[in-house]
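The sequence and structure follow.

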Amino acid sequence: QEHSLLAEIHEQLQKKHSELEQEKTKLDSEHVELQRLHNKYTMVQFAKDKLASIKPWLGVEIPTQVNVPVKLLDVRPTGPAAKQGMQNGDQIEEVNGQAVFTTSDFKVIFANIRPTDSLKFKFMRRAVPYEATVKVHSRQASLDEYATLQRIASGTLDDGDEEFMNRLMTQTPKKGRRSFSMSDFIPDADELNSM
(Lines give C-alpha, C1' and ligand atoms only; values in the text may rest on other atoms or scores of the structure.)
Protein backbone atom coordinates (compact mmCIF):
# COMPACT_ATOMS: atom_id res chain seq x y z
CA GLN A 1 0.00 0.00 0.00
CA GLU A 2 2.78 2.37 0.83
CA HIS A 3 4.35 1.64 -2.54
CA SER A 4 1.09 2.44 -4.43
CA LEU A 5 0.67 5.63 -2.38
CA LEU A 6 4.20 6.74 -3.34
CA ALA A 7 3.53 5.81 -6.98
CA GLU A 8 0.32 7.87 -6.91
CA ILE A 9 2.13 10.88 -5.40
CA HIS A 10 4.92 10.48 -7.93
CA GLU A 11 2.37 10.41 -10.77
CA GLN A 12 0.65 13.55 -9.41
CA LEU A 13 4.04 15.30 -9.15
CA GLN A 14 4.91 14.35 -12.74
CA LYS A 15 1.51 15.59 -13.94
CA LYS A 16 1.95 18.88 -12.06
CA HIS A 17 5.52 19.18 -13.37
CA SER A 18 4.23 18.65 -16.92
CA GLU A 19 1.51 21.28 -16.41
CA LEU A 20 4.08 23.74 -15.04
CA GLU A 21 6.42 23.05 -17.98
CA GLN A 22 3.56 23.74 -20.42
CA GLU A 23 2.71 26.93 -18.54
CA LYS A 24 6.37 27.98 -18.57
CA THR A 25 6.57 27.34 -22.32
CA LYS A 26 3.42 29.44 -22.83
CA LEU A 27 4.80 32.24 -20.63
CA ASP A 28 8.17 32.12 -22.42
CA SER A 29 6.33 32.41 -25.74
CA GLU A 30 4.29 35.35 -24.45
CA HIS A 31 7.47 36.96 -23.10
CA VAL A 32 9.13 36.64 -26.50
CA GLU A 33 6.06 38.21 -28.14
CA LEU A 34 6.02 41.04 -25.58
CA GLN A 35 9.75 41.63 -26.18
CA ARG A 36 9.13 41.71 -29.96
CA LEU A 37 6.32 44.24 -29.52
CA HIS A 38 8.45 46.33 -27.16
CA ASN A 39 11.31 46.33 -29.70
CA LYS A 40 8.90 47.33 -32.47
CA TYR A 41 7.45 50.12 -30.31
CA THR A 42 10.96 51.35 -29.48
CA MET A 43 12.00 51.34 -33.13
CA VAL A 44 8.83 53.12 -34.26
CA GLN A 45 9.18 55.75 -31.53
CA PHE A 46 12.88 56.30 -32.27
CA ALA A 47 12.07 56.63 -35.99
CA LYS A 48 9.37 59.22 -35.22
CA ASP A 49 11.74 61.17 -32.95
CA LYS A 50 14.53 60.99 -35.51
CA LEU A 51 12.19 62.16 -38.31
CA ALA A 52 11.10 65.12 -36.17
CA SER A 53 14.74 66.12 -35.76
CA ILE A 54 15.59 65.95 -39.47
CA LYS A 55 15.41 69.36 -41.09
CA PRO A 56 14.84 69.96 -44.81
CA TRP A 57 17.79 71.43 -46.69
CA LEU A 58 18.03 73.14 -50.06
CA GLY A 59 21.58 74.41 -49.68
CA VAL A 60 20.61 78.09 -49.85
CA GLU A 61 20.66 81.08 -47.57
CA ILE A 62 18.04 83.83 -47.66
CA PRO A 63 17.94 87.32 -46.11
CA THR A 64 17.28 87.47 -42.39
CA GLN A 65 14.96 90.48 -42.76
CA VAL A 66 11.27 89.60 -42.61
CA ASN A 67 9.52 91.50 -45.40
CA VAL A 68 12.07 91.68 -48.18
CA PRO A 69 12.15 89.82 -51.49
CA VAL A 70 13.68 86.35 -51.38
CA LYS A 71 17.04 86.80 -53.06
CA LEU A 72 19.38 83.85 -52.62
CA LEU A 73 22.44 85.07 -50.75
CA ASP A 74 24.48 81.89 -50.66
CA VAL A 75 23.77 78.88 -52.85
CA ARG A 76 26.05 76.12 -51.65
CA PRO A 77 27.73 74.36 -54.60
CA THR A 78 27.00 70.88 -53.24
CA GLY A 79 23.38 71.64 -52.27
CA PRO A 80 20.26 70.46 -54.08
CA ALA A 81 19.38 73.97 -55.37
CA ALA A 82 22.82 74.47 -56.97
CA LYS A 83 22.63 71.05 -58.58
CA GLN A 84 19.45 72.23 -60.34
CA GLY A 85 21.10 75.42 -61.61
CA MET A 86 20.08 77.95 -58.97
CA GLN A 87 22.66 80.65 -58.22
CA ASN A 88 23.49 83.46 -55.80
CA GLY A 89 21.26 86.47 -56.52
CA ASP A 90 18.33 84.49 -57.93
CA GLN A 91 15.06 86.01 -56.72
CA ILE A 92 12.38 83.46 -55.83
CA GLU A 93 8.92 84.43 -57.12
CA GLU A 94 6.96 81.20 -56.79
CA VAL A 95 7.24 77.80 -55.09
CA ASN A 96 4.90 74.97 -56.13
CA GLY A 97 2.46 77.47 -57.63
CA GLN A 98 2.38 79.69 -54.52
CA ALA A 99 3.49 83.29 -54.98
CA VAL A 100 6.47 84.33 -52.90
CA PHE A 101 6.74 88.06 -52.30
CA THR A 102 8.79 88.11 -49.09
CA THR A 103 11.03 85.98 -46.90
CA SER A 104 8.00 85.48 -44.63
CA ASP A 105 6.09 83.85 -47.51
CA PHE A 106 9.04 81.60 -48.27
CA LYS A 107 9.48 80.56 -44.63
CA VAL A 108 5.78 79.61 -44.37
CA ILE A 109 6.12 77.36 -47.41
CA PHE A 110 9.45 75.96 -46.21
CA ALA A 111 8.00 75.13 -42.76
CA ASN A 112 5.68 72.59 -44.38
CA ILE A 113 8.16 70.68 -46.52
CA ARG A 114 10.09 67.54 -45.72
CA PRO A 115 13.15 65.86 -47.15
CA THR A 116 12.23 63.92 -50.31
CA ASP A 117 9.63 66.59 -51.32
CA SER A 118 10.13 68.20 -54.71
CA LEU A 119 9.74 71.95 -55.03
CA LYS A 120 9.11 73.71 -58.33
CA PHE A 121 10.72 77.14 -58.22
CA LYS A 122 10.05 80.08 -60.51
CA PHE A 123 12.70 82.73 -60.11
CA MET A 124 14.31 85.69 -61.80
CA ARG A 125 17.98 86.05 -62.66
CA ARG A 126 19.03 89.41 -64.07
CA ALA A 127 15.43 90.08 -65.28
CA VAL A 128 15.22 86.68 -67.04
CA PRO A 129 12.67 84.12 -65.77
CA TYR A 130 13.87 80.61 -64.88
CA GLU A 131 12.36 77.45 -63.44
CA ALA A 132 13.92 74.61 -61.48
CA THR A 133 12.56 71.57 -59.69
CA VAL A 134 14.58 70.80 -56.59
CA LYS A 135 14.33 67.62 -54.53
CA VAL A 136 14.64 68.59 -50.87
CA HIS A 137 17.46 66.90 -48.95
CA SER A 138 18.64 66.85 -45.36
CA ARG A 139 22.06 67.11 -43.81
CA GLN A 140 21.09 64.73 -40.98
CA ALA A 141 20.08 61.76 -43.16
CA SER A 142 20.30 60.57 -46.73
CA LEU A 143 17.09 60.41 -48.73
CA ASP A 144 17.16 56.58 -48.47
CA GLU A 145 17.58 56.77 -44.69
CA TYR A 146 14.75 59.28 -44.48
CA ALA A 147 12.43 57.03 -46.52
CA THR A 148 13.35 54.04 -44.33
CA LEU A 149 12.64 56.06 -41.18
CA GLN A 150 9.24 57.09 -42.59
CA ARG A 151 8.38 53.45 -43.27
CA ILE A 152 9.47 52.34 -39.80
CA ALA A 153 7.62 55.24 -38.15
CA SER A 154 4.45 54.04 -39.88
CA GLY A 155 4.91 50.66 -38.15
CA THR A 156 6.01 48.71 -41.22
CA LEU A 157 9.18 46.81 -40.35
CA ASP A 158 11.35 44.76 -42.71
CA ASP A 159 14.30 42.43 -42.28
CA GLY A 160 17.40 44.51 -41.61
CA ASP A 161 15.54 47.38 -39.93
CA GLU A 162 16.85 46.43 -36.50
CA GLU A 163 20.43 46.62 -37.79
CA PHE A 164 19.65 49.93 -39.54
CA MET A 165 18.18 51.40 -36.34
CA ASN A 166 21.05 50.14 -34.20
CA ARG A 167 23.48 51.83 -36.60
CA LEU A 168 21.56 55.11 -36.35
CA MET A 169 21.36 54.89 -32.55
CA THR A 170 25.08 54.27 -32.17
CA GLN A 171 26.56 56.50 -34.87
CA THR A 172 28.82 59.23 -33.56
CA PRO A 173 26.98 62.56 -33.40
CA LYS A 174 28.62 65.87 -34.20
CA LYS A 175 31.51 67.21 -32.09
CA GLY A 176 32.97 63.73 -31.58
CA ARG A 177 30.63 62.63 -28.80
CA ARG A 178 29.51 59.03 -28.66
CA SER A 179 25.96 59.66 -27.45
CA PHE A 180 23.06 61.75 -28.69
CA SER A 181 21.57 64.77 -27.02
CA MET A 182 18.86 67.16 -28.15
CA SER A 183 21.47 69.79 -29.02
CA ASP A 184 22.73 67.50 -31.80
CA PHE A 185 19.55 68.32 -33.68
CA ILE A 186 19.29 72.04 -32.94
CA PRO A 187 20.88 74.09 -35.71
CA ASP A 188 23.93 76.19 -34.96
CA ALA A 189 23.38 79.97 -35.04
CA ASP A 190 24.80 80.22 -38.60
CA GLU A 191 22.33 77.54 -39.77
CA LEU A 192 19.17 79.36 -38.64
CA ASN A 193 18.57 81.20 -41.95
CA SER A 194 20.16 78.49 -43.98
CA MET A 195 17.73 76.27 -45.80
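## Helix α1

The expected span of a helix is 1.5 Å times one less than its number of residues. Helices, numbered from the N terminus, are DSSP runs of H or I with at least four residues. Helix α1 (residues 2–53) has 52 residues, so it should span 76 Å, and its end C-alpha atoms lie 74 Å apart, which agrees.

The model is predicted: local features need pLDDT of at least 70, side-chain atom pairs count only at pLDDT 80 or more, and totals for chains, interfaces and linings use all residues. Residues are numbered from 1 along each chain as its sequence is written, and side-chain values use heavy atoms, with hydrogens and water left out.

A residue is buried at under 20% relative accessible area, exposed at over 50%, and partly exposed in between (1.4 Å probe, protein chains only). The buried residues of α1 are M43, V44, A47, K50, L51 and S53. Helices α4 (143–153) and α5 (161–170) are among the elements that cover them, where contact means heavy atoms within 4.5 Å.

## Aromatic pairs

Rings of Phe, Tyr and Trp (its six-membered ring) pair if their centres lie within 6.5 Å; planes under 30 degrees apart count as stacked, over 60 as edge-to-face and the rest as tilted. The count under this rule is 3 aromatic pairs. One of them joins F106 and F110, whose ring centres are 6.1 Å apart with planes at 20°, so the pair is stacked. Both residues belong to helix α3 (residues 103–111), 4 residues apart, or about one turn of the helix, and both are buried. F123 and Y130 are also stacked, because their ring centres are 5.7 Å apart and their planes at 10°.

F123 is buried at 2% relative accessible area, while Y130 is partly exposed at 34%. The charged end of R125 sits over the ring of Y130, 4.4 Å from its centre; the criterion is NZ of Lys or CZ of Arg within 6 Å of the ring centre and within 35 degrees of the ring normal. Ring pairs also link F106, F110 and F121 into a cluster.

## D161

D161 touches M43, T148, R151, I152 and T156, leaving aside residues up to four places away in sequence.

A polar contact is a pair of N or O atoms within 3.5 Å; within protein, one must be able to donate a hydrogen and the other to accept it, and residues adjacent in sequence count only if both atoms are side-chain atoms. The side chain of D161 makes such a contact with the side chain of R151 at 2.7 Å. A polar atom of the D161 side chain also lies 2.5 Å from the backbone nitrogen of D158.

Note on methods
Helix = DSSP H or I, 4+ residues; strand = E, 2+ residues; numbered from the N terminus.
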